[in-house]
Amino acid sequence: MTRNVLEVSDVAYSYGSTQVLNEVDLKVEEGEIACLLGASGCGKTTLLRCIAGFESVANGMIVINGTMVSSKTRLVPPESRNVGIVFQDYALFPHLTVSENIAFGIRQKDPESISKKVSSLLASVNLESKKDAYPQELSGGQQQRVALIRALAPEPDLLLLDEPFSNLDNSLREKMKRELKALLKSFGVTAVLVTHNQDEAFDIADKIAVMQQGRILQWGSAYQLYHEPLHHFVAEFLGSGVFLPADLTTEGRLETELGVITDDPSLAQYSDTHLSILLRPDDIVADDKSTHKARVVAIAFRGMYQVYSLRLESGKEIQCFTSSHEQRHEVNSMMGIRLAVHHAVIFSGENAIVRHVNPT
Amino acid sequence: MNSDKPSDPKGRWWRLSTILIAAVAIAPIVTVLLSWLLPFSEHWDHFGQTILPKLVVNSLGLLCLVAIGTCVIGLSLGWIISQFDFPGRRFFQFALLFPLAIPAYVIGFVYLGLTAFSGPLFTGLRSIGVGFFFDMKTIYGAAFVLVLSLYPYVYLLTKQGFATIGHRYFEAARALGVSSSQVFFKVALPMNRPWLFVALSLVGMETLADFGAVSIFVVDTFSVGIYKAWYGFFSPTLAAQLASILVVIVGGIVIFDKVQRGKRSFVSLTGLSGRRRRLHGRKAIICFGYCCTLFLLSFVIPMLQLLVWALQLDAEIWESMLELTSNSVLIGLMVSLLVTGLCLLLVYTYRFYSRPFIWMASQAATLGYALPGSVLAIGLFLPLAAMDHRLADFIMNLTGTDPGLLLTGTVFAVVIGLSIRFMAVGHAQLHAAQQRVSKRIDEAAQNFGSTGIDQMKRIHIPIAWKAVAASISLVFVDSIKEMPLTLMTRPFSWDTLSVKIFELISEGEWEMAAAPAVILSIVGLTSLVLLGKEAK
């Protein structure tokens, strides 16, 4: 049986007259890595700070490991929540060595067990040789690892990570992402991570909450968010894609200028409304034999693949990926394309209806 | 379940102490302003008609002369040192700050001694047949001395300004066809205005606060007027009323200063410090000569003359310095430790438990830097004297013995007065240091169960120990150099080095005064050099 380590229900937070968080619900199971994903200012860091206990909530409640820690009338202080935090700038104490930093959170224990714990943690991240170094003497990646094991030393019920990769350069970031995921899984720790970068979220998290304007729009796996977005913003925020106008017949046939997407009687109820369908670049395949032609507007070479920007007859622009080995079409020439849709993500307004489709 | 709104009872005590410190710090200002409610002294008519206009004219005249002088010298030095490379630049960059270590009244009496009719300058001139003589005891003489003693403020801040602005703007101006000499007036000077104005407001406050130099040059400014009203007319009320006029003038400067400080960041481009242009030939000689002349006038000549006088003194006089020095050191230690402790409280209340009014309160707590020592003395004396008599009566009733004057008859008043005056010095150091520490550090510590005093002890003081040390040494030097406040609040016949210098030069005993002056200057110089090394 899995149990919830973190339960956030109906949380609201405001700063002055600005509503920063509204009706936020979230459940994270033991051992799960959850991610709060959103653009800056969406409230993700505020939510993390509410969970940590640095901010009090205006409404709703936060329960950690069965204990209610935040509500309108209650604020258990951060030090009594048994929550570990890895800060964006790591916040390593500059006047303490690596070992002293790690020992800080367990300073009440007896010296012998402290030193045992510190050396086993250092060993787990291969930093034994740096135990007497000061934080300034470490590389960015090493600082991050120290910050991580310092947070894990008191064996927290829940680990919070605020933009853990934003201080690392690109090449290091790839490596650290893999390393962090492996470490979190090996410690078996339940974690909540905040990021604005979808690749980080996709790489590390088991489940992702996409946030906008203080609300969680969708909560699910990376696959679900990308292929079955339930919200216009989620569809736009994750990956590229276009919204192509579609017509729905009274029988439930969904037609676009690139052909029929699906034939589903259960959709009949939505006929007569203004609809559009999400097309990801990988939903469109180059096919010279196809009867549907589009004019090439621009070609961007990306190394592994190339991106064609195509203008349809209606004037709508769409994108299509092809392997970079494939024969190039010239700008202004016509190119044959066909649909290869697995999920029909149909929007009427802000919210989406998702149907599985058998690609033809 | 806890049904209270989240609150922090610990923070309440911190905030309360901040407000208490602020209240004590502004009490002298309030006292001085309230003095108009007291019955007018019988001297007021005479004073208002004959003396007051003279005080106003002298004070404002001196203010203008010193402002113009320090502006020209400080700004030109700041520009030369920050933009050009010439022989001696590295030495002068630091050495031109040395006058900060010597009190203006010391530079003042040395020049008086040098230019006395029987002094070395005119004796020397007469010996080669030049019978020319002028008297330095004029407003121009006082301005000359104050300019020599205060130009380092303008030099230091405008140099900082030029460095912050960066060469990129000057290069851009050159590229747009502005000649290199026009760059200074068209680009560098206008952009440096915020730094220049902050420096000039400091110079203004120091000029108005000066008592020692003006009184030996017999220029009656407000500081002297306040002293005379108190000790000449024995009228604390009149002194307080005069002080309140000075408070209003200084208040104007403080507001000007706060506005200018806010503007200083508007141009800052970081990491753009270009290379200094190397000067050759005549230009290099002119720059070297200019720096050299100022260094000689403001530091070398006064120090040499002091040493010449001091070396002629008997051992007996040096022995008598022992008690004065220990009094000064005692006062310096008490004030610097008290100020640093209180400033830690102010700075970390603001950091940990801030409320909108806390910033206001800590600003109020550091207002004393603007108050001339004579104003502070009178503003402090009146309430302390009132409290003293109550306290004495109370203890008398309780124990049956007369404790004497516990507040005004002991060093208590001196320590409190100097602490109020130099709170800003410690606060600036500690506030800047805590700003460099990320707020996440506090949160990390709190997450591990360390808050309040414990967090200060484990995290903040170890991180900011250099600022703590700087605060202690700067306040130490400032408080032993301070003269009028110590003179006016000290217990009867209890002297420090600075007070003794004033007493001796009032009697024209320049050679004797050299002994305490040399000790003071060495202490000041040592701490300046130590801090300079630390800053590098």
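This is a predicted model: local features need pLDDT of at least 70, side-chain atom pairs count only at pLDDT 80 or more; totals for chains, interfaces and linings use all residues.

Q: Where is A:Glu228 found in chain A?
A: A:Glu228 lies in a loop of chain A, between helix H7 (222–227) and helix H8 (232–237).

Q: And is A:Glu228 buried or exposed?
A: A:Glu228 counts as buried, because its relative accessibility is 19% and the cut-off for buried is under 20%.

Q: Which residues does A:Glu228 touch, not counting those up to four places away in sequence?
A: The contacts of A:Glu228 are then A:Gln218, A:Tyr223, A:His343, A:Val345, A:Val354 and A:His356.

Q: Changing topic: why is strand E3 of chain A described as largely enclosed?
A: Five of the five residues of E3(A), residues 33–37, are buried, so the rest of the structure largely encloses this strand.

Q: Which way do the residues of E3(A) point?
A: A:Ile33, A:Cys35 and A:Leu37 point one way, whereas A:Ala34 and A:Leu36 point the other way; all are buried. In a regular strand, side chains alternate between the two faces of the sheet.

Q: What pairs with E3(A), and in which sense?
A: Strand E9 of chain A (residues 191–195) pairs with E3(A) in the parallel sense over five bridges. Strand E10 of chain A (residues 207–212) also runs parallel to E3(A), joined by four bridges.

Q: Which residues are the bridge partners of A:Leu36 and A:Cys35?
A: A:Leu36 has A:Val194 as its partner in E9(A), and A:Cys35 has A:Ile208 in E10(A).

Terms used. Residues are numbered from 1 along each chain as its sequence is written. Chains are lettered from A and ligands numbered from 1 in the order in which they are written. Side-chain values use heavy atoms; hydrogens and water are left out. Helices (H or I, at least four residues) and strands (E, at least two) are DSSP runs, numbered from the N terminus. Buried means under 20% relative accessible area, exposed over 50%, partly exposed in between (1.4 Å probe, protein chains only). Contact means heavy atoms within 4.5 Å. Two strands pair if DSSP finds at least two bridges between them.
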